[in-house]
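Please walk through this structure with me, one local feature at a time.

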Amino acid sequence: MNNQKQQKPTLTGQRFKTRKRDEKERFDPTQFQESIVQGLNQTGSDLEAVAKFLDASGAKLDYRRYAETLFDILVAGGMLAPGGSISDDLTRTEFCLFTAQEDLETMQAYAQLLLFLKGFTESERNKLAMLTGILLANGNISAAVIGSLFNENVVKEGVSAAFAVKLFKSWIYERDINAVAVALRKVGMDNRLMELFPANKRSCEHFSKYFTDAGLKELSDFARNQEAIGSRKELQKELQEMMARGDNFKDIIAYVREEMKKTSISEQLMIGIVWSSVMSCVEWNKKEELVCEQSIKHLKQYSPLLKAFTSQGASEIILLVKIQEYCYDNIHFMKAFQKIVVLLYKADVLSEEAILKWYTEAHVAKGKSVFLEQMKKFVEWLKHAEEGKTIFF
């Protein structure tokens with residue numbers, strides 16, 4: 001009998017490591033702060049370099065998860081403790097809103113940098129947008145901060161338009177569309193609202209539908225009106241260039257009529273544009289009598305162009321009012337009003353009916369007494385011309 005103790009069999013072969021279960025990443029705002037602050041301190045004070053650093057870091061650091069921490073750093077230089085104080089235990093950055101220069105240009109740059117980041121949640125962006133609208137309504141900040149919404153990256157992500165909806169709703173609720181329009185014009189933003197959308201969606205139709213559906217029809221109407229004003233300015237510029245080149249009247253009239261169709265401009269609006277374009281070509285002379293002589297000669301030359309856009313009585317009245325305003329605003333023409341009207345009457349641009357209506361009811365306040373006095377004899381002649389009682393020409 002073998003007394004030797006038999007060894008137990010053992011398993012042999014490849015040993016496998018047990019796979020760890022996926023573990024949820026620990027929330028560590030302190031580590032996030034250290035990474036951001038270190039990068040900011042190395043970047044320096046150049047805003048463009050800082051923006052590039054933050055943009056590049058977004059690929060590896062979870063901005064959405066640490067949005068509040070990121071906001072604290074960029075505004076106050078470090079993560080805020082309860083009560084609003086900044087802990088001295090953590091590394092701070094001097095690159096922050098609170099240590100920046102106290103001037104509007106710097107503040108606008110910071111606003112652009114903050115809104116450039118897409119890491120905030122939709123709810124956080126909505127809150128920021130509504131707060132911005134309230135601050136704008138109260139005059140606490142300049143409307144220039146809206147310029148940050150035109151950043152290409154933010155526009156491409158669709159953040160700009162959504163942010164603008166909340167911002168303008170809040171702003172208009174606190175004030176009204178007229179106050180918003182004034183503020184936008186002051187900073188040259190009134191003609192840029194279409195830029196809230198990518199280039200392929202940058203049209204009146206898309207803008208109008210988007211903001212009307214969002215409950216902002218007044219903003220939609222404002223933008224459409226600004227677009228129309230921009231089109232009219234471009235048309236007037238082209239018209240003046242055609243006149244300066246000495247283009248044939250037939251070509252000019254055909255071009256203007258085509259633009260009227262494309263942009264839905266009425267004849268009443270167009271005659272004002274044509275008048276302004278014609279008078280922009282007048283060569284000024286310091287002597288009043290020479291100015292009048294030159295202007296009469298100039299208008300006689302361009303009367304076929306004016307005639308082409310006064311086919312309606314309302315257009316004639318608009319032209320008469322434009323002439324009245326022009327003569328009042330340009331002192332050398334104060335005595336030329338009657339001569340201009342008579343010239344255009346003889347050229348078949350203005351009718352007897354339109355002149356009489358202007359004289360009795362359609363004139364404006366500018367220089368009223370002076371111009372009505374100038375026109376008195378001619379109006380009398382118009383009233384009695386058929387009776388042969390007076391001869392004016």
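Serine 264 sits in the loop between helix 11 (249–263) and helix 12 (267–279). Helices here are DSSP runs (H or I, at least four residues), numbered from the N terminus. The model is predicted, so local features need pLDDT of at least 70 and side-chain atom pairs count only at pLDDT 80 or more, while totals for chains, interfaces and linings use all residues. Residues are numbered from 1 along each chain as its sequence is written, and side-chain values use heavy atoms, with hydrogens and water left out.

Most residues other than glycine have a negative phi. Serine 264 is not a glycine, yet has a positive phi of about 60°. Serine 264 is exposed, at 67% relative accessible area. Exposed means over 50%, buried under 20%, and partly exposed in between (1.4 Å probe, protein chains only).

Aspartate 348 lies in the loop between helix 15 (337–346) and helix 16. Its phi is positive too, about 70°, although aspartate 348 is not a glycine. Aspartate 348 is exposed, with 54% relative accessibility.

Helix 16 (residues 352–362) packs against helix 17 (residues 368–384) at about 135°, with axes 10 Å apart. Axes are lines fitted to C-alpha atoms, for helices over the stretch in contact, and angles run from 0 to 180 degrees between N-to-C directions. That makes helix 16 oblique to helix 17. Angles under 35 degrees are roughly parallel, over 145 roughly antiparallel, 65 to 115 roughly perpendicular, and the rest oblique.

In helix 1, Pro29, Phe32, Gln33, Ile36, Val37, Gly39 and Leu40 are buried. They cover an arc of only 165° around the axis, which puts them on the same side of helix 1. The arc is taken from the directions from the helix axis to the C-beta atoms.

Methods
Helix = DSSP H or I, 4+ residues; strand = E, 2+ residues; numbered from the N terminus.
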